[in-house]
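User: Hello! I am new to this structure and would like to learn how to read it. Could you walk me through a few features?

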Amino acid sequence: MRRVDHPRFTTALRQVEDSIDAAWDSFCAEFGGDTAQAHELAEVVLQDTSEFDWRVVDGALNQLSCPDCGATLGAGDSGCPSCDKANGFRFAAQETDRPGVPPGNEHAIRVSSAVARTRHRYSPRARAGYELFLPDLLDGALPTTAQAQRAKHLINQLTDDELERLITPADIG
């Protein structure tokens, strides 16, 4: 079974998508926005993403289509100028760790979920590393630098097909 088809991954990805949708809905409600105003609010958010939580920024990106490729803004293929720029904006947003998790956990969730949600933009090695750890990150874990470096070293020794079949971090050795 491929990782992307495994319930461990699909559940984690759904959890992230739901949290983005909830953050966006809450943001819109706070500003009295409705569906018709979602596009306008999204444009405002993207004017300075550093003013907003990353989930609101990702929610804003979900409201807009890329003028170059037609995909959801920031989710088109690498090399699309507008998507590349929007994808970069996503990483300027604020991130606040949840109570009871190690510092840096929220950053790790944001990066891992960005890779998992737009996996076609990243190499098989990058996808494997970030996707493998996403469910654990959502549970509040955070690998140490040494653990992450070891995982990267082991991932770099696998073929693309082997990488897609990894389900948990323990599968890499």
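This is a predicted model: local features need pLDDT of at least 70, side-chain atom pairs count only at pLDDT 80 or more; totals for chains, interfaces and linings use all residues.

User: How far apart may two cysteine sulfur atoms be in a disulfide?

Analyst: The general idea is a distance cut-off: the two sulfur atoms must be within 2.5 Å. The structure holds zero disulfides, and Cys-66 is in none, its nearest cysteine sulfur being that of Cys-80.

User: Is Cys-66 buried or exposed? And what about Cys-80, buried or exposed?

Analyst: To read this, look at the relative accessible area: a residue under 20% counts as buried. Cys-66 has 5%, so it is buried. Cys-80 is at 9% relative accessibility and therefore also counts as buried.

User: Now a helix, please. How many residues does α5 have, and what distance does it reach?

Analyst: A helix can be checked by comparing its reach with the span expected at 1.5 Å a residue. Helix α5 covers residues 105-117, which makes 13 residues, and it reaches 18 Å from its first C-alpha to its last, close to the expected 18 Å.

User: How many of the residues of α5 are buried?

Analyst: Twelve of the 13 are, leaving α5 mostly covered. Among them are Asn-105, Glu-106, Ile-109, Arg-110 and Ala-116. The buried residues of α5 pack against α1 (7-30), α3 (54-63), α4 (81-90) and α6.

User: Let us move to α6. Where does Glu-131 lie, and which residues does Glu-131 touch?

Analyst: Glu-131 sits in helix α6, which spans residues 124-138. With a relative accessible area of 1%, Glu-131 is under the 20% cut-off and so is buried. Not counting residues up to four places away in sequence, Glu-131 touches Arg-3, Val-4, Phe-9, Ala-116 and Arg-119. The side chains of Glu-131 and Arg-119 are also joined by a polar contact of 2.7 Å.

User: And Pro-135: which residues is it in contact with?

Analyst: Pro-135 is also found in helix α6. Leaving aside neighbours within four places in sequence, Pro-135 is in contact with Arg-8 and Ala-12. Its relative accessible area is 10%, so Pro-135 is buried. For a sense of distance, Pro-135 and Ala-146 are eleven residues apart in sequence and 19 Å apart in space, C-alpha to C-alpha.

Technical notes: Residues are numbered from 1 along each chain as its sequence is written. Side-chain values use heavy atoms; hydrogens and water are left out. Helices (H or I, at least four residues) and strands (E, at least two) are DSSP runs, numbered from the N terminus. Buried means under 20% relative accessible area, exposed over 50%, partly exposed in between (1.4 Å probe, protein chains only). A polar contact is a pair of N or O atoms within 3.5 Å; within protein, one must be able to donate a hydrogen and the other to accept it, and residues adjacent in sequence count only if both atoms are side-chain atoms. Contact means heavy atoms within 4.5 Å.
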